[in-house]
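Hi,

Here is the structure I promised to send over. Have a look at it first, then read my notes below.

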Amino acid sequence: MPSTLAATRGSVTVAGVTRTFTSVGTAAPGDAKPLILVFHGSGQTGDKHRAFTGGVFDALAARGALVAYLDGYRGNWNDARLESHFPARKANIDDVGFVRAVIATFAADRRIDPGRVYAVGYSNGGQMVIRLAHETPDLLAGATVIAATMPAPENFLAHQEPRAPLPVLLIHGTKDPIVSYQGGTMNWALRTVFKAGGPTWSATRTARYFAERNGITTEPTTIRLPKQTTADRTEIERTAYEASGVPSVVLYTVHGGGHTVPGPSSSAPMVIGRTSHQLDTADLITQFFDL
């Protein structure tokens with residue numbers, strides 16, 4: 001990771017609450033850079049997530065984007081699951097307003113291009129990105145959801161704006177011990193620890209759902225990618241939903257992967273499963289969204 005990357009703390013006030021974030025990279029007025037919004041998992045902050053992932057998203061700043069690691073309210077996001085009971089939900093925190101305010105801050109003098117804003121979310125942060133994709137499709141040029149799947153209809157609270165085709169990149173490990181690749185409901189212990197739950201769909205059904213939202217009705221193509229390192233026991237399968245004239249939806253299945261973000265390095269504890277080094281999430285985002 002380049003040591004010259006600038007990291008700056010910033011804040012905005014939304015509904016009387018001061019919200020904070022860390023921006024990585026530099027942008028001058030008129031640069032009109034892409035903006036990458038990163039949403040951390042439960043119990044983290046933006047800076048903790050940056051360390052947890054080994055700074056994988058900083059690579060996007062090194063390639064010319066502005067990366068903003070947003071801080072949830074007391075460690076969580078007010079996502080769209082009915083069975084969310086953490087402080088952000090109880091206080092009904094306006095996280096959508098927070099996102100709008102951050103974008104407006106950087107767009108005011110064209111430091112970023114408001115037409116090239118991309119949301120990347122992990123776990124609870126992935127659920128927040130799912131909410132944004134439904135409620136504010138006008139804000140996003142693309143979405144990346146890692147280790148999170150669609151809440152089942154009876155567990156889904158987000159209101160839906162008119163559908164806007166959106167490229168969606170999904171990454172999920174088959175050995176995720178917290179958010180099952182197969183979907184279903186968290187066990188009692190996990191619901192107690194994370195103060196969230198309710199039934200969710202599988203990763204494959206989630207991918208098909210977003211493809212159908214984009215108007216893609218053809219069957220996907222699936223390939224197994226060659227291993228990049230034999231020392232890493234994970235393997236990668238790419239399932240792509242594509243059709244002419246509409247954005248694609250792609251699911252990267254990390255066989256043997258845990259509740260982690262694939263990348264060159266990571267400080268994620270083994271208790272949440274393996275971190276795959278067969279993929280670099282920053283590379284996937286760069287290629288998929290043509291950054």
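**What I found**

Let's start in the sheet: strand β10 (residues 249-255) runs parallel to β7, and 6 bridges join the two. If you want a spot to look at, find leucine 170, which stands opposite leucine 251 in β10. Before you go further, keep in mind that this is a predicted model.

Helix α7 (residues 203-213) packs on the sheet there, where it touches β7, β9 (235-241) and β10. The direction of α7 makes about 170° with that of β10. Another helix, α8 (residues 281-288), lies across β5, β6, β7 and β10, and runs at about 155° to β7.

Now zoom out. How many strands form the open sheet? There are 10, in the order β1-β2-β4-β3-β5-β6-β7-β10-β9-β8, and the pairing is mixed. At the edges sit β1 (7-14) and β8 (221-224), each of which pairs on one side only. From one strand to the next, the twist averages 20°.

Strand β5 (residues 112-122) is joined to β6 by 5 bridges, and β7 (residues 168-173) by 4. Threonine 144 is a handy landmark: valine 120 stands opposite this threonine, and its bridge partner in β7 is leucine 169. Follow the chain through β5, helix α5 (residues 124-135) and β6, and you have a right-handed β-α-β unit.

Next, the insides. In soluble globular proteins, nonpolar side chains tend to be buried together. In this model, the largest nonpolar core has 49 residues, and Leu35, Leu37, Phe39 and Leu70 are those with the most contacts inside it. Helix α4 (residues 95-107) gives the most to this core, with 7 residues. Apart from that core lies another, of 37 residues, including Ile36, Val56, Ile236 and Phe289.

Which residues is it in contact with, leaving aside neighbours within four places in sequence? Among them are Leu70, Trp77, Val99, Val120, Tyr122, Met128 and Leu132.

Happy exploring!

Definitions and conventions:
Residues numbered from 1 in each chain as written. Predicted model: local features only at pLDDT ≥ 70, side-chain atom pairs only at ≥ 80, totals over all residues. Heavy atoms only, no water. Pairing = 2+ DSSP bridges. Right-handed = clockwise from strand over helix to strand, strands pointing away. Core = buried A, V, L, I, M, F, W, Y, C linked by side-chain atoms within 4.5 Å. Buried < 20%, exposed > 50% of the residue type's maximum accessible area, 1.4 Å probe, protein only. Contact = heavy atoms within 4.5 Å. Axes fitted to C-alpha atoms, helices over the stretch in contact; angles between N-to-C directions.
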